[in-house]
Amino acid sequence: MILPVSANLKEIEKKGRSYPWSKPEICLCCRQSHVWGHGFVEALFDGYAKALPLRRYRCPGCGCVIKLRPEAYFRRFQATIETIRSHIFSRLQAGRWPRGLSSARCRHWLRALKRQVLAHLGIEWLSRLPEAFDQLVSLGKVPVSRCI
Ligand SMILES: [Zn+2]
């Protein structure tokens with residue numbers, strides 16, 4: 001399972017594996033055992049040249065692996081949630097993508113958002129995509145994920 005936590009990417013870049021992650025008190029799956037360190041997974045983020053190590057924990061009781069994820073990011077996305085959101089919102093309002101990121105990448109986000117909306121919310125939400133974006137987030141979905 002993935003646990004979103006507040007994390008300072010600049011500090012992670014500087015300290016690497018010695019970055020002080022806050023460890024969950026108890027296992028989030030069984031809520032009984034204390035968790036143990038279970039290595040790191042590397043993940044890429046915009047603005048960071050190298051992959052950053054993200055902490056993992058494992059529960060000796062139920063075997064659940066908990067991966068900590070900086071809360072400003074969707075899983076498997078390198079841009080912050082706020083960047084993705086603001087790019088889609090300004091495209092919808094101004095009719096063009098803001099400068100900075102590749103527009104091919106942004107178009108993927110918008111296409112994926114429409115698919116997610118159709119899959120989880122219904123066709124009537126296509127006329128209010130900004131609201132739908134936030135609604136999907138509150139349902140625990142990644143609104144720009146390519147997997148339904
Ligand atoms: Zn457990």
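Phenylalanine 89 has a relative accessibility of 16%, so this residue counts as buried, the cut-off for that class being under 20%. The value belongs to a predicted model. Phenylalanine 133, at 1% relative accessibility, therefore counts as buried as well.

Five aromatic pairs turn up in a search of the whole structure. One of them joins phenylalanine 89 to phenylalanine 133 in an edge-to-face arrangement, with 6.0 Å centre to centre and 85 degrees between the planes. This pair connects distant parts of the chain, 44 residues apart: phenylalanine 89 belongs to helix α2 (residues 81-94), and phenylalanine 133 belongs to helix α4 (residues 129-138).

Phenylalanine 74 and phenylalanine 77 are both buried. Phe74, Phe77, Phe89 and Phe133 together make up one aromatic cluster.

Domain 1 covers 2-70 and domain 2 covers 81-138. Between the C-alpha centres of domain 1 and domain 2 the distance is 29 Å.

Arginine 55 is placed over the face of tyrosine 57, 5.2 Å from the ring centre. At tryptophan 125, the charged end of arginine 128 lies over the ring, at 4.3 Å from its centre.

Methods: Residues numbered from 1 in each chain as written. Predicted model: local features only at pLDDT ≥ 70, side-chain atom pairs only at ≥ 80, totals over all residues. Heavy atoms only, no water. Domains from an automatic or database assignment. Phe/Tyr/Trp six-rings, centres within 6.5 Å; stacked < 30°, edge-to-face > 60°. Buried < 20%, exposed > 50% of the residue type's maximum accessible area, 1.4 Å probe, protein only. Helix = DSSP H or I, 4+ residues; strand = E, 2+ residues; numbered from the N terminus. Lys NZ or Arg CZ within 6 Å of the ring centre and 35° of its normal.
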